[in-house]
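Here's a quick tour for anyone meeting this protein for the first time. Have a look at the structure, then read on.

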Amino acid sequence: MSLIACDNVGFSYEGKPVLENLNLQVEAGDFLCVVGENGSGKTTLVKGLLGLLPPAKGRIALGDGVKRSQIGYLPQQSESQRDFPASVWEVVSAGTRSRGPLLTKQQKDRVRRNMERMNVLDLKSRSFTELSGGQRQRVLLARALSAADQLLLLDEPTAGLDPLVTVELYRMVAGLHRQGMTIIMITHDIPAALQHARHILHLSTAENFYGTTAQYAASPLGKLFAGGTTNG
Ligand code: ADP
């Protein structure tokens with residue numbers, strides 16, 4: 001069974017429909033990029049996948065053994081998060097959703113391992129607010145990994161990062177995917193989606209596209225947005 005299946009899903013705000021007839025399946029090991037202009041419903045879909053907004057129509061089914069609490073979520077960066085007064089270690093530890101103030105040895109090992117994976121262990125005593133944008137995103141990825149065994153949901157992870165740091169972050173996300181993590185990434189970066197994704201969902205006020213990356217590249221929508229880089 002798929003990790004996530006959306007079956008004719010639609011949402012609405014105060015009776016006004018947003019996203020209609022959405023069908024998609026995210027399999028274990030998949031890399032799905034969700035693209036689309038502002039207002040097309042990307043944030044609404046994220047809220048739906050996290051269980052924060054129930055669909056008005058259709059059904060979102062999670063596969064056996066997947067719990068919403070195990071979806072590692074990297075939110076869009078916001079000013080308030082940047083000013084979060086905590087150390088890097090505390091931020092990443094928060095991903096373990098420990099009930100009390102103390103982590104078990106197992107949880108500490110997990111936090112340390114994920115910090116090593118994201119190359120931020122040497123920052124562990126630093127204040128989160130002092131970090132560069134790229135360092136902050138790697139710390140937040142380590143936090144998301146501490147919550148997630150299988151699935152990461154990344155909401156515009158490279159927004160506001162400079163080009164070199166962006167490439168580095170994509171390289172890290174691709175590495176996690178190679179290690180078996182299933183990735184859903186919201187992005188405005190269509191070239192990056194074409195490079196990394198296995199499937200693409202392009203939300204549009206006209207018509208949505210969902211298919212493999214090759215199908216997207218060959219579609220009229222894909223050709224339009226990829227800047228005519230594909231043939232056929
Ligand atoms: P995106 O993330 O792609 O920019 P959103 O999911 O934020 O798109 O928004 C999709 C549509 O839903 C837009 O027309 C937006 O105005 C509307 N919308 C989003 N959130 C709300 C809300 N809380 N109440 C009413 N309308 C909303």
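The protein chain has an accessible surface of about 11,800 Å², and 51% of that belongs to carbon and sulfur atoms (Shrake-Rupley method, 1.4 Å probe). Keep in mind that this is a predicted model, where local features need pLDDT of at least 70, side-chain atom pairs count only at pLDDT 80 or more, and totals for chains, interfaces and linings use all residues. Residues are numbered from 1 along each chain as its sequence is written, and side-chain values use heavy atoms, leaving out hydrogens and water.

**The whole chain**

- You'll find 9 helices and 9 strands here (DSSP runs, H or I of at least four residues for helices, E of at least two for strands, numbered from the N terminus).
- Along the principal axes, the C-alpha atoms fill a box of roughly 50 × 35 × 35 Å.
- Of the 232 residues, 49% count as buried (under 20% relative accessible area with a 1.4 Å probe, protein chains only; exposed means over 50%, partly exposed in between).

**A closer look at helix H4**

- Helix H4 covers residues 105-117, and its end C-alpha atoms sit 18 Å apart, which agrees with the 18 Å its 13 residues should span at 1.5 Å a residue (1.5 Å times one less than the number of residues).
- Val111, Asn114 and Met115 are the buried ones in H4.
- Seen down the axis of H4, the buried residues fall within an arc of 105 degrees, so they line one face of the helix (the arc uses directions from the helix axis to the C-beta atoms).
- On the other side of H4, Lys105 and Gln106 are exposed.
- Cover for the buried residues of H4 includes helix H3 (88-93) and helix H5 (133-147) (contact means heavy atoms within 4.5 Å).
- Just after H4, Asn119 takes a positive phi of about 60 degrees.
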